[in-house]
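Please keep the sequence and the structure in view while reading.

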Amino acid sequence: MMKGLFAIELSEIGKRIRKARLSQGFTQQELADRCGFTKSLLSKIENGQTASAVATLSKIAEHLKTPLAWFLEENREDHLVLSPHAKRTSKMGSKEMGYLYEILANRSRFSKIEPVLVTVPPDMTMTEPFTHPEEEFIYVISGTIILYYDGERHVMEEGDTAYFSGLKPHIFLPFNHQEAKVLSIFIQPSN
């Protein structure tokens, strides 16, 4: 019975390593070369066929820029992330910075999307467009915004959506000095 539990643990560690490796765009051979061991050993680790010394796992974690604990902690990866409104308190940014942000899901470190609730305050002072590497989908939940995108002005009302590359300069501004709420989903580009 202990052997069965241990095999499940090895399998889970292997899945996490594979997920981290793929999210970084490495082949098994590339990661093995960086770590200084064979592709065969990495394959066995990822498939849960062999136990690894902590030093080996530490080397893998280092080259994947991932904390070793992420591979070893139990229940680290949930398939369902519930985020009740009453428990979502983390806000980033401030009115001086422009927007108020509320992270809507405590996602996995390797998730390719990040949903955020953006509050565009009526007295927003920041007006300089910015860029980021992610693609972005927005849905105007309430109010109206002005989306400046790549030098063009677009008025967007409640229920309107847009999908765009974050590499082009853009910013949301309040319309008629009214607060607006926007669901913004950041999507990591494919490698």
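The sections below treat the model and its confidence, the overall fold, a strand sheet, and charged side chains.

## The model and its confidence

This is a predicted model, in which local features require a pLDDT of at least 70 and side-chain atom pairs count only at pLDDT 80 or more, while totals for chains, interfaces and linings use all residues. Residues are numbered from 1 along each chain as its sequence is written, and side-chain values use heavy atoms, with hydrogens and water left out.

The pLDDT is the predictor's confidence in each residue, on a scale from 0 to 100. The protein chain has an average pLDDT of 79, and 73% of its residues score at least 70. Over residues 1-8 the pLDDT is below 50, and beyond near neighbours in sequence this stretch has one contact in the model. A contact here means heavy atoms within 4.5 Å.

## Overall fold

Helices (H or I, at least four residues) and strands (E, at least two) are DSSP runs, numbered from the N terminus. The protein chain contains five helices and nine strands. Read from the N terminus, the order of elements is α-α-α-α-α-β-β-β-β-β-β-β-β-β.

Of the 191 residues of the protein chain, 34% count as buried. Buried means a relative accessible area under 20%, exposed means over 50%, and partly exposed lies in between (1.4 Å probe, protein chains only). Among contacts between residues at least 6 apart in sequence, 63% join residues at least 24 apart.

Strands of a sheet pair through backbone hydrogen bonds, either parallel or antiparallel. In this report, two strands count as paired if DSSP finds at least two bridges between them.

Strand β5 (residues 144-149) pairs with strand β6 (residues 152-157) in the antiparallel sense over six bridges. Within this pair, Ile146 has Val155 in β6 as its bridge partner. The two strands form a hairpin with two residues between them, and Asp150 in the turn has a positive phi of about 50°. β5 is also joined to β8 by five bridges, and these two strands run antiparallel. Ile145 stands opposite Pro174 in β8.

Side chains of opposite charge can pair when their charged atoms come close. A salt bridge is defined as a side-chain nitrogen of Lys or Arg within 4 Å of a carboxyl oxygen of Asp or Glu. The whole structure holds four salt bridges. In one of them, Arg21 pairs with Glu46, with the closest N and O atoms 2.6 Å apart. This pair links distant parts of the chain, since Arg21 lies in helix α1 (residues 2-23) and Glu46 in helix α3, 25 residues apart.

Is Glu46 buried or exposed? Glu46 is buried, with a relative accessible area of 2%, and Arg21 is likewise buried, at 7%. Glu46, placed in helix α3 (residues 39-46), also makes a polar contact of 2.8 Å with the side chain of Gln28. A polar contact is a pair of N or O atoms within 3.5 Å; within protein, one must be able to donate a hydrogen and the other to accept it, and residues adjacent in sequence count only if both atoms are side-chain atoms. Leaving aside residues up to four places away in sequence, Glu46 touches Gly14, Lys15, Ile17, Arg18, Arg21 and Gln28.

## Other salt bridges

The side chains of Lys168 and Asp150 form a salt bridge of 3.8 Å, N to O. Lys168 lies in the loop between β7 (161-165) and β8 (170-174), and Asp150 in the loop between β5 and β6, 18 residues apart. Both count as partly exposed, Lys168 at 37% relative accessibility and Asp150 at 42%.

Glu179 and Lys181 form a salt bridge whose closest N and O atoms are 4.0 Å apart. Glu179 is partly exposed at 42%, and Lys181 is partly exposed at 27%. Salt bridges that share partners also join Arg18, Arg21 and Glu46 into one network.
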